[in-house]
Amino acid sequence: MTVHPTTLIRSDQTFESVGRSIEQAAFGKVQPAWWLAVAASVGLIGLLVVSVGWLFVEGVGVWGNNIPVTWALDIVGYDWWIGVATGSLVLSVLPLLLDRSWRGAIARVSETVAVLAAVAAGIYPIIHLGRPWFFYWNLPYPNTMVLWPQFRSPLYWDAIDILGFLVVSLSVWYLGLLPDLAGLRDRAVDRLHGDDREGSGGRFARRIAQFYGVAALGWRSSAPHWHRRGQALRIIGLLGIVVVVSLQTGAAVMFAGAPEPGWHDTLQPVEFVVVALFSGVAASTLVVVVVRAAFSLGGVITEAHLDRLGRLLLGIGLLDAYCVATEMFATGTSGNSYAVASMAQRLHGPHAWAFWTMVLAGLLPVQLLWLKGARQSPPLLLLIALAVCVGTWADHFMVIVVTLQHDFLPSSDQAYSIGLWAVATFLGSCGLFLFLLLLAMRLLPVLAAAPVRALTHPGAESTRTPVSSDRIDLPKDAPLWGVAAEYDEADQMIRAASSLRQHRLGRIDLYSPVPLPEAAALLSLSGPGIRPLAVAGAVLGGAAMMAMCLLATGYDYVFLIGGRPRFSWQAFVVPTVSFAALSGTVVGIAAMLFGNRMPRLNHPAFNIPGIGGATRDRYFLVVEAREEFDPGAVEAAIAALPDRPLVVHRVRR
Amino acid sequence: MRQLFAPGADAILRLVLLVAAVLVVGGLVVAGGISRSNWAYGVGVAPTQPVPFSHKHHVGELGIDCRYCHTSVEKASTAGIPPTWTCMTCHSQIWTGSPMLAPVRDSLADDKPLHWTRVNRLPDYVYFNHSVHVTKGIGCSSCHGAINTMQLTYRAHAFTMAFCLNCHRNPQRFIRTPDQVWNMEWQPGADQERIGRALVAQAHIRPGAQLSDCSTCHR
């Protein structure tokens, strides 16, 4: 099958085949390579446990950290991982906010990378503390010391930033997962009842189905479900951009707070965001290419997707090159001999390899991506993405270690060499990331089905899979929940629903495998919905954080140092913004769950015979019973419509 | 599709979520409560001592002044634990055959000090000076409680940082006139706030600017 480079989906893909791709990845045979990778990652986790154990016994000296290089591989590792995490989240949410249709096939991978890289990053701020077991001293809680944490300290900003980022990225990820987990639940149920071609799903079939059932929180693919989820996803995606900018620029501001030459360039906040995007897009690209090959997803992650990722890498790489060049030019012409000396140290000091690795692995290989052939060649793209990951790591090493190492006090002029335990810790964090990634790619849906299905050609929704043979005995006097009509095309269901709405037979609901804007309009779901609530939550949360910081430092425990004014609000902007994003996200998720009455595991809608089709390729119109419900009249009304449904069922409560 | 979950599953799920929430919140509340409880700080527990010395008898009933034994309390950072000789000023004359006091006599005979178990302890990173407290008008009982009623000596307060800061931020609530420092039954009067402020000013105590600086206690 030939693929036009601009096609985001192969023309033979249908609603059913997209679902099958996901199903194959989750339920298919486990490859020996997967087990091999799991074994390797578990080995690395063992290394992490040993390294961290030794660290707890001996202290951060085992990493080789000392004056003047007090921040070494710990902060390099943290900055690199959180850069990968923030960049990957942006790769998912920015195209979402801009309605880019290529996002669908790769969003799951990039969101998973974002969450798991944040987990890998999150261990560093804890273990790099002198006494890691007191990490909670960083958080404001009523303690016997009647002390507040130092709100002006980057350590506190980091704690709130990571917490905020974790909450936001987990929320984006999980909102995306909901319909796909429901899809796996329904396929697992199909296998349970032998509807599937491969027969029953084995001994644990029921447990597996229930695992996905609980994970999907009772997702029913109904129009209100889709609508509220979409609203929540967009506003939380926006908050994701906010928290990423807050976190990365906040990190740049903490560097600027130290008296090191080379950390005060006004371009630095921008550079931090750019490097984060660079590493995040590279890491996500790497995983996308591997997942695409491992699960044979070439039909839905096409050369066009790789092309877009390649273009993005090239564009961000050029931005990074611009930042590096500008910084060097500005430093060179600044006349500041300390800054110039620091820059010279980067170019030919004892750790000059970091600068040259950044250039040779980070900035140069992406230039190959000017060529279309390179962008669309998976192995080449994989190698370039890997090089960028290495290059951005070296970039962080250069910014942190090389700068610190060149101390201008002769008494602090000590050499630094990378400690073996620091390397072991970093490898261990890679193992943790890899292990969780392998687990996620194996157990969870690797794709977001709905946005990929939306790309299929017209008519791909009706693949004529047989109508489910499910029958539920319905005694004559059984209490009725409603009447359900099954369609195989969205337009038929929408037309039927708009005619039935005139009759006032009961409450109409529509179930579909993809969100249908017409359905939301038909059911009068439009309106501000979740957005104002999430925004109000963000504003209130941010205000509460700022108020707490001001109250603590300006009133409750006045601590006048460094000539700062009593109410120095500027120092609290970073945690305020990050906490605002966190609060808005929590409110958004709560509003979505409450509005959709989730979680709800047992629901009359699941009594509709064949309702599992609603996560595959079928559309259901349901007229729910109200007082004086006459199922006969509903059936007659449906029968009178020009579009005949595949089947009509009475559904018991 | 057949229902994957029985109708009761939602109730179970909600119960599980509720229990999880209660465990998390309750766990934090319990941990917070324990971390500041008298139990965690050993308040009210009298440790076993080589001799069951009674402050109640010596201070409350006989009326011996604190400084008779704790001689350096007005001059040094530590109040001082009396040497065996101090005990013997009386006990070489009275209760000379008491078996209870045998360790004291042995100590004198062998020239080896008695090993008292420490009752009140501050962490090593806290700088504390008894003399400045008692000479500026902070009474013994403010920290050590009603020693004159203790049959066996025990810790009267949990010495958390909150306990210290409560006074360092509001010394006027606790400061006494010099003659009341040794009074174990002293209670603040109705006009303590007014008297306290005058005493604080008189003793050149600067609560806001000095007393709650980190380096006042952590040097």
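I began with A:Y78. Not counting residues up to four places away in sequence, A:Y78 touches A:A121, A:Y124, A:P125, A:D158, A:I162 and A:L247. I note here that the model is a predicted one. The residue belongs to helix 3 of chain A, which covers residues 73-97. Is A:Y78 buried or exposed? Its relative accessibility is 5%, and buried means under 20%, so A:Y78 counts as buried. I also looked up the distance to A:A118. The two residues, A:Y78 and A:A118, are 40 residues apart in sequence, and their C-alpha atoms are 9.0 Å apart in space.

Next I looked up A:E327. I found A:E327 in helix 9 of chain A, residues 303-332. A:E327 has 10% relative accessibility, and therefore it counts as buried as well, by the cut-off of under 20%. Which residues does A:E327 contact, leaving aside neighbours within four places in sequence? I wrote down A:G262, A:D265, A:E271 and A:R346.

I then turned to chain B as a whole. I counted twelve helices and zero strands in its secondary structure. The C-alpha trace of chain B spans about 95 × 50 × 35 Å along its principal axes. What is the radius of gyration of chain B? I read 25 Å, whereas a compact globule of 219 residues would have a value near 17 Å. Of the 219 residues in chain B, 31% are buried. I also checked the contacts in chain B between residues at least 6 apart in sequence, and 66% of these join residues at least 24 apart.

Within chain B I picked helix 5, residues 84-91. The buried residues there are B:T84, B:T86, B:M88 and B:H91. What do the buried residues of helix 5 of chain B pack against? I found helix 3 (55-61), helix 4 (66-69) and helix 6 (102-110) of chain B.

My last topic was the interface of the two chains. The size of an interface is often given as the accessible area lost when the parts come together. Chain A and chain B bury about 2400 Å² between them, and 58% of this is on carbon and sulfur atoms. In chain A, the residues that lose the most area to chain B are A:T144, A:L601 and A:N602, together 28% of what that side buries. How many residues does each chain give to the contact? Chain A gives 32 residues and chain B gives 22 residues.

I looked for charged pairs next. The rule finds one salt bridge across the interface of chain A and chain B. I also found a salt bridge between the side chains of A:R600 and B:D10, at 3.9 Å from N to O. Which elements give two or more residues to the side of chain A that touches chain B? They are helix 5 (154-192) and helix 6 (205-215) of chain A. Helix 6 of chain A gives the most, with five residues. I sorted the residues on that side of chain A into 17 nonpolar, ten polar and five charged.

Definitions and conventions
Residues numbered from 1 in each chain as written. Chains lettered and ligands numbered in written order. Predicted model: local features only at pLDDT ≥ 70, side-chain atom pairs only at ≥ 80, totals over all residues. Heavy atoms only, no water. Contact = heavy atoms within 4.5 Å. Buried area = accessible area lost by both parts, 1.4 Å probe. Salt bridge = Lys/Arg side-chain N within 4 Å of Asp/Glu carboxyl O. Helix = DSSP H or I, 4+ residues; strand = E, 2+ residues; numbered from the N terminus. Nonpolar A, V, L, I, M, F, W, Y, C, P; charged D, E, K, R; others polar. Rg over C-alpha atoms; globule rule 2.2 N^0.38 Å. Buried < 20%, exposed > 50% of the residue type's maximum accessible area, 1.4 Å probe, protein only.
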